[in-house]
Amino acid sequence: MKTLRFWGITLMAILLSVNFTSCSDDDEPINIEELEGEWILLHEVYSWDIPGEGTGSKDWNYDFNQPEEGSVKMTITATDEENIYRVSYFFYRESDEDWHYDWGMTVRLEGNKIIDVDYEEDVTEITSLASGRLVLTEKYYEDGTETVVSTYQKKN
C-alpha cells in the first residue's frame, strides 16, 4: 500500500509542477511537429535536497514495449489556438492490459517552457527533444529543493 501511495504522490508531483525558471533567455524553439503525438515514460528521476530532512533521489525505469502496472503514457495534441495544446495522461492497468485515461490539462508553449494555462505558476522545461526522445524537467518550490526529470519515448 505504501508503494502504491508513493507512486500516486510521485505521479501527482510530476504532473503538478511549480515555479520553474529557465537559466537562459536563448532557449531553442521547439519543433511543434515533433512534440505532438503519443509518448511513453521510460525513465524518471526524483531528487530532493530539503533542509533538515536530507538529500536523496529515487529513479524508475519502464519498458517501452512491455508496459506494466504504473506505466505512464502522455499524448500531446494541438488545439485551434496558436501555441495551445492539450496534454492527456494515461496509466496502464495490468488486469485488463489496457491504457486508461487519468487526467489532462491545457498548456501554452513558450520557447522551451510548457505552461499550464489554468495555473500559470506550473511550468515545465523541455530539456531535450530529439530523435523521438522528450526530456522534461520540473522543479518544485522556489528554491528548487525537489526536481523530477522524466524521459519519454515517442510511439510511432
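A contact is defined here as heavy atoms within 4.5 Å. Strands (E, at least two residues) and helices (H or I, at least four) are DSSP runs, numbered from the N terminus. The structure is a predicted model, in which local features need pLDDT of at least 70 and side-chain atom pairs count only at pLDDT 80 or more, while totals for chains, interfaces and linings use all residues. Residues are numbered from 1 along each chain as its sequence is written, and side-chain values use heavy atoms, with hydrogens and water left out.

The predictor's confidence in each residue is expressed as pLDDT, from 0 to 100. The chain averages a pLDDT of 82, and 79% of the residues score at least 70. Over residues 1-8 the pLDDT is below 50, and this stretch has four contacts in the model beyond near neighbours in sequence. Residues 11-26 likewise stay under 50 in pLDDT; for this segment the model has 36 contacts beyond four places in sequence.

Of the contacts between residues at least 6 apart in sequence, 49% join residues at least 24 apart. Burial is classified by relative accessible area (buried under 20%, exposed over 50%, partly exposed in between; 1.4 Å probe, protein chains only). By this criterion, buried residues account for 40% of the 156 residues in the chain. The chain exposes about 9200 Å², of which carbon and sulfur atoms supply 48%; accessible areas come from the Shrake-Rupley method with a 1.4 Å probe, and for residues only the protein chains shown count as cover.

In soluble globular proteins, nonpolar side chains tend to be buried together. A nonpolar core is taken as a set of buried Ala, Val, Leu, Ile, Met, Phe, Trp, Tyr and Cys residues joined through side-chain atoms within 4.5 Å. The largest such core contains 24 residues, among which M74, I76, Y89, I126, L134 and Y152 touch the most other members. At least two residues of this core are supplied by each of β1 (37-50), β3 (72-78), β4 (84-93), β5 (98-110), β7 (123-130), β8 (133-140) and β9 (146-155). The greatest contribution is that of β5, with four residues.

L134 touches L35, W39, M74, I76, I126, S128, L129, S150, T151 and Y152, residues up to four places away in sequence not being counted. T151 belongs to strand β9 and counts as buried because its relative accessibility is 14%. Apart from neighbours within four places in sequence, T151 is in contact with I40, L41, L42, H43, R133, L134 and V135. W103, in strand β5, has a relative accessibility of 18% and therefore counts as buried. The C-alpha atoms of W103 and V87 are separated by 8.6 Å, the two residues being 16 apart along the chain.

In strand β2 (residues 54-61), D59 counts as partly exposed because its relative accessibility is 46%. Its contacts, leaving aside neighbours within four places in sequence, are with H43, E44 and V45. A distance of 8.4 Å separates the C-alpha atoms of D59 and S47, which lie 12 residues apart along the chain.

Four aromatic pairs were found in a search of the whole structure. Rings of Phe, Tyr and Trp (its six-membered ring) pair if their centres lie within 6.5 Å; planes under 30 degrees apart count as stacked, over 60 as edge-to-face and the rest as tilted. The ring centres of Y46 and W48 are 5.2 Å apart with planes at 35°, so this pair is tilted. Y46 is buried, with a relative accessible area of 14%, whereas W48, at 22% relative accessibility, counts as partly exposed. Y92 and W99 form an edge-to-face pair, with 5.2 Å from centre to centre and 70° between the planes; both residues are buried.

Positive phi values occur in two loop residues other than glycine, N83 and E97. N83, in the loop between β3 and β4, has phi near 65° and counts as partly exposed because its relative accessibility is 32%. E97, in the loop between β4 and β5, has phi near 50° and counts as exposed because its relative accessibility is 62%.
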